[in-house]
Amino acid sequence: MAAAKTRTSTFSRNLSTAPPSHGPGLKCGPNGTVFLSSGIPDLDKILGGGFPLGSLVMVMEDAEAPHHMLLLRNFMAQGLVLGQHLLYSSPARDPRGFLGTLPSPAASKDDKSRERDPDQEKGLRIAWQYKKYFGENQLDGQRDGKHEYSNEFDLRKPLERHFINGPRIDCVSIQDSDLSTLRDRCATFLSQFPRNDGSISCAGRIAIQSFCAPQCAYSNMEWDMLSFIRSLKSMVRSSNSVAIVTFPPSLLSPSFCKRWQHMADTLLSVKAIQDEDKELAQLLTGYQDMVGFLNVHKVARINTQVPVILEATTFSIKLQKRRYLVLECLNQAPVDGSSGTSYGTSGGCSSSSKTGNLDF
Amino acid sequence: MAESIYRALRDGALEGELAPALTIKDSVASPFALQVFSHVISQLFSSILAGKSQSRGLVVVSFSRSPSFYLDLLKNKGTDVASSNKQIQILDCYSDPLGWKDQLAGSRNFTALSNEAMVSSNAIVFREVKHMDKLYNSIIELGKGLVGGGKIRFSIAIDSADEMLRHAPVSSVARLLSNLRSHDQISSIFWLLHSDLHEARVTAVLEYLSSIVASLEPSHQLANGQRGDLENFSLIKHNSKKGKFHVRFKKRNGRSEEVHIEQSGINFASLPSEGAINQGLVPKVQFSLQLSEKERIDKANVVLPFEHQGNGKPIQIYDGRRSLVDSKHERPVSAVENVQTNENCGSGEIIYYRDSDDEMPDSDEDPDDDLDI
């Protein structure tokens, strides 16, 4: 008998350097990038893990609908819940007012499903012997890990006060201030998270809402706004943080709109849905529940030249039970009109929790 | 429907949300915005008087018309304005917007026109339209004077946004409107806009700031060029009385609604909305179940490989096994027919090889006819 082999192949990974352990809410990704969650689990899956640290996310608003606020709310709430720092700026006179609308993490649905499982198991024991291989432990680890990284948010429950009143939040109103003040505030905020090799203790999030809103005094100075975005992008790239900037493209001239889109590392856009659009209702399943569309135009790829090619770039935004934000691939309506599956629950035997689904 | 606009303005703002804002937009082709504006004012005011609306007072910021216009308008609609001092106040930015009369009076002892005094119980003259923040303060003061402080709300009507934009830059006007919308005591706000007077960006800014956009379009679009002048003229005449009233609502849940109404005079008659689907909205899904126009034409042009095309003529299909000589003779015959149908044919072709020469060409008889079921 040969000595017991510890390696199954001649190639072995040299694990002399342990992977750096990161603070809460951060996950290692490929190519040495570190992700933080966007606050919407479906969006994290679409983007391949979340927003990479050091990237600039731009969201093109639709003037008809406030869906960009949904994205911002989830993003900000996720950061606060995990103890990350936040800088929020908006064109309102008092941006703090918006913090009151942030959602709270949803009560864990897993507890409820756990209680159901033993009963179901008894009935299905003969048919579903392989359940033991799925392993409760595996699910456990996944669930806890998930909560450390991302949460599902209940849009009906406001975030607890102690999160909002903490010292980690800074608010700036861009209505009266000019761009250099805003740039200085961002610079001081980002100086707290310099990027160096080693473990990351905490990360920062910047959320700038409606950057070129007409109320702002600088809104007609297009070149200045563009140079602000460029300097923000460079500051963010050399720090451990993610910045989201939303803007309404209809208020910019087309050439500047294109330039801003090129500045983004990750580019998303939201669109409103027409109410009572019969043709759209016939074309798409689940039209009644849809609140809007989300388009993913660009996904950030840092440290690599391989682009991400998504299966689908348009997703419908739905509010499940009017509380939870889910993103779904669009499905064309088959004859019987059953609804599509959420991007999060991929195929397999798990069917989405909607009625009228065909179970095979 | 115009009813839904009226309802939205009447119900007003919810706690913690921005007040609903309506833009009434028109153009040279269909210049009825003033009539719509007057209609909305009179409806809102009568509901304020009746106590049915959230707001308890109306402040009219009038730039382009004299305050007496509004008082007369409301009198004609039957509301008693004299006794309703507490419900309506007009901020008069029409008589002396830049304060010139004051300056003249100061330098030359020029006596001010006396007709200003007649409407002074309801109207207050405002002399500094270039300063939007002073305008903001005056509007709020006037409104608070009407309804008192606290939680009671009032509505604002601005006639018109064009004049404001003449005096102040877009960003100040935008700031004024958004601050008004976010003020606790404002129930609803609406303004008039002539879209021809401004660049596209300015119109886009005002539409961005409003939650309801009502635009007036001509019911028949005038064709440029080809049509004879007579036709155009009759269309213009037609457009001078009727128009299409197109309303877009931005709902709270992010769905937007569009309504079309035919309007003549000031009566709104509902028109079935065309519901044209915005092709840009529908994303490119993997397969489409509809045919485009070109595809439809091509489909009609394809000659099917049945000898019986259903149009009463026998058709010969080129069949690889016939000799070249025969096919040459046949070619002209089929070519003629083919040419007629396949003029616009693209590259599609269906080639049919006959199994055997004994095969009878397709016939109309149904072989199941002799079944007795």
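Among contacts in chain B (heavy atoms within 4.5 Å) between residues at least 6 apart in sequence, 74% join residues at least 24 apart. In chain A, 75% of the contacts between residues at least 6 apart in sequence join residues at least 24 apart. The model is predicted, so that local features need pLDDT of at least 70 and side-chain atom pairs count only at pLDDT 80 or more, while totals for chains, interfaces and linings use all residues. Residues are numbered from 1 along each chain as its sequence is written, chains are lettered from A and ligands numbered from 1 in the order in which they are written, and side-chain values use heavy atoms, with hydrogens and water left out.

## The two chains

Helices (H or I, at least four residues) and strands (E, at least two) are DSSP runs, numbered from the N terminus. Chain B comes to twelve helices and ten strands, and chain A has eleven helices and 14 strands. Residues count as buried under 20% relative accessible area, as exposed over 50% and as partly exposed in between, with a 1.4 Å probe and protein chains only. By this criterion 42% of the 373 residues of chain B are buried, and in chain A the buried share is 49% of 360 residues.

## Helices α8 and α9 of chain B

In chain B, helix α8 (residues 170–181) packs with helix α9 (residues 200–209) at an angle of about 10°, the axes being 10 Å apart. Axes are lines fitted to C-alpha atoms, for helices over the stretch in contact, and angles run from 0 to 180 degrees between N-to-C directions. The angle makes α8(B) roughly parallel to α9(B), a class that takes angles under 35 degrees, whereas those over 145 count as roughly antiparallel, 65 to 115 as roughly perpendicular and the rest as oblique. From α8(B) the contact draws on B:Val170, B:Ala174, B:Leu177, B:Ser178 and B:Arg181, and from α9(B) on B:Val202, B:Val205, B:Leu206 and B:Leu209. By class, this contact has seven nonpolar, one polar and one charged residues, where Ala, Val, Leu, Ile, Met, Phe, Trp, Tyr, Cys and Pro count as nonpolar, Asp, Glu, Lys and Arg as charged, and the others, Gly among them, as polar.

Eight of the ten residues of α9(B) are buried, and the helix is thus mostly covered. The buried residues of α9(B) include B:Thr203, B:Glu207 and B:Tyr208. They pack against β1 (21–26), α7 (161–167), α8, β6 (186–194), β7 (212–217) and β8 (242–250) of chain B.

B:Leu9 lies in helix α1 (residues 2–11) of chain B and is buried, with a relative accessible area of 2%. Apart from neighbours within four places in sequence, B:Leu9 is in contact with B:Leu22, B:Val40, B:Leu44, B:Ser187, B:Ser188 and B:Phe190. A:Gly100, by contrast, is in the loop between α3 (96–99) and β6 (103–105) of chain A and counts as partly exposed at 32% relative accessibility. Residues up to four places away in sequence not counted, A:Gly100 touches A:Pro158, A:Arg161 and A:Ile164. The table gives one C-alpha separation for each site.

| Pair | Apart in sequence | C-alpha to C-alpha |
|---|---|---|
| B:Leu9 and B:His183 | 174 residues | 16 Å |
| A:Gly100 and A:Ile164 | 64 residues | 7.8 Å |

## Strand pairing in chain A

Two strands pair if DSSP finds at least two bridges between them. An open sheet of three strands in chain A has the order β1-β2-β3, with antiparallel pairing. Its edges are β1 (26–28) and β3 (51–52), each with a single partner strand, so one side of each is left without a neighbour in the sheet. Three bridges pair β1(A) with strand β2 (residues 34–36) in the antiparallel sense, and A:Leu26 stands opposite A:Leu36 in β2(A).

Further along chain A, six bridges join strand β13 (residues 314–320) to β14(A), and the two run antiparallel. A:Ser316 has A:Glu328 in β14(A) as its bridge partner. Three residues lie between the strands of this hairpin, in which A:Lys321 takes a positive phi near 55°. Strand β14 (residues 324–329) is mostly covered, five of its six residues being buried.

## Cysteines

Over all chains, the structure holds zero disulfides, a disulfide being a pair of cysteine sulfur atoms within 2.5 Å. For A:Cys186, the closest cysteine sulfur is that of A:Cys171, at 12 Å, too far for a bond, and A:Cys186 is buried at 1% relative accessible area. A:Cys216 is in no disulfide either, the nearest cysteine sulfur being that of A:Cys212, 8.3 Å away; A:Cys216 is buried, with a relative accessible area of 0%.
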